[in-house]
Amino acid sequence: MSGIPKDFTEVSASDKLEEFRASKEHFRGLSFPTISSVGSNGAIIHYSPEAETCAELDPDQMYLCDSGAQVCEISFGLVMIQIVWGFYLLTTS
């Protein structure tokens with residue numbers, strides 16, 4: 001069991017991240033389209049998955065998510081937050 005929902009794709013992972021962010025009070029929008037990529041797609045510069053052709057998340061392949069968001073707090077103005085994630089499974093074999 002990998003913990004990854006069945007049929008969870010590059011696009012649905014990106015959408016879920018945006019949904020989580022949008023639920024926060026100070027979220028104002030994405031800074032740029034999220035780069036959500038599995039395996040070799042992570043090597044494509046500015047990769048943008050399409051719902052019809054994107055890959056499913058695979059616990060045996062690296063997942064890269066490059067996502068930026070804009071948040072606005074009264075005391076700080078507009079701030080861009082950018083996160084790059086890579087997830088992979090370590091094994092002892």
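# Reading a predicted model, feature by feature

Q: In which strand does Ser 37 lie?

A: Ser 37 lies in strand S2. The model is predicted, so a word on confidence will follow below.

Q: Is Ser 37 buried or exposed?

A: A residue is called buried when its relative accessible area is under 20%. Ser 37 has a relative accessibility of 1%, so Ser 37 counts as buried.

Q: With which residues is Ser 37 in contact, leaving aside its neighbours within four places in sequence?

A: Once those neighbours are set aside, the list for Ser 37 is Glu 10, Gly 42, Tyr 47, Met 62, Tyr 63 and Leu 64.

Q: How many helices and strands does the protein have, taken as a whole?

A: There is one helix, along with four strands. Their order along the sequence is α-β-β-β-β.

Q: What part of the protein counts as buried?

A: The protein has 93 residues, and 29% of them count as buried.

Q: What is the mean pLDDT of the protein, and which elements have the lowest and the highest values?

A: Where pLDDT is low, the coordinates of a prediction should not be read in detail. Here the protein has a mean pLDDT of 80, and 74% of its residues reach 70 or more. Among the elements, H1 has the highest mean, 91, while strand S4 (residues 77-87) has the lowest, 58.

Q: Which residues make up the largest nonpolar core?

A: In soluble globular proteins, nonpolar side chains tend to be buried together. The largest core here consists of six residues: Ala 13, Leu 17, Val 38, Leu 57, Tyr 63 and Cys 65. At least two residues of this core come from H1, and at least two from strand S3 (63-73).

Q: What does Ala 13 touch, not counting residues up to four places away in sequence?

A: Ala 13 touches Phe 8, Ser 36, Leu 57 and Tyr 63, with residues up to four places away in sequence not counted. Two of these, Leu 57 and Tyr 63, are also core residues.

Q: Where is Ser 14 placed, and is it buried or exposed?

A: Ser 14 is in helix H1, which covers residues 10-22. Its relative accessible area is 13%, so Ser 14 is buried. Neighbours within four places aside, Ser 14 is in contact with Thr 34, Ser 36 and Tyr 63.

Q: How far apart are the C-alpha atoms of Ser 14 and Thr 34?

A: Ser 14 and Thr 34 are 20 residues apart along the chain, and their C-alpha atoms are separated by 6.4 Å. Glu 50 and Glu 10 are 40 residues apart along the chain, with 8.5 Å between their C-alpha atoms. Across the protein, taking contacts between residues at least 6 apart in sequence, 60% join residues at least 24 apart.

Q: Where is Glu 50, and how does its accessibility count?

A: Glu 50 is in the loop between strand S2 (35-38) and S3. Its relative accessibility is 45%, so Glu 50 counts as partly exposed.

Q: How many disulfides does the count come to?

A: A disulfide needs two cysteine sulfur atoms within 2.5 Å. By this rule the count is zero. Burial is a separate matter: Cys 54 is buried at 14% relative accessible area, and Cys 65 counts as buried at 1%.

Q: How many salt bridges does a search of the whole structure find?

A: The search finds one. Glu 19 forms a salt bridge with Lys 16, and their closest N and O atoms are 3.3 Å apart. The two residues are three apart in helix H1, so about one helical turn separates Glu 19 and Lys 16. Both ends are partly exposed: Glu 19 at 48% and Lys 16 at 33%.

Q: What is phi of His 46?

A: Most residues other than glycine have a negative phi. His 46 has a positive phi, near 55 degrees, and is a residue other than glycine. The place of His 46 is in the loop between S2 and S3. With a relative accessible area of 66%, His 46 is exposed.

Note on methods: Residues numbered from 1 in each chain as written. Heavy atoms only, no water. Buried < 20%, exposed > 50% of the residue type's maximum accessible area, 1.4 Å probe, protein only. Contact = heavy atoms within 4.5 Å. Core = buried A, V, L, I, M, F, W, Y, C linked by side-chain atoms within 4.5 Å. pLDDT = per-residue confidence, 0-100. Salt bridge = Lys/Arg side-chain N within 4 Å of Asp/Glu carboxyl O.
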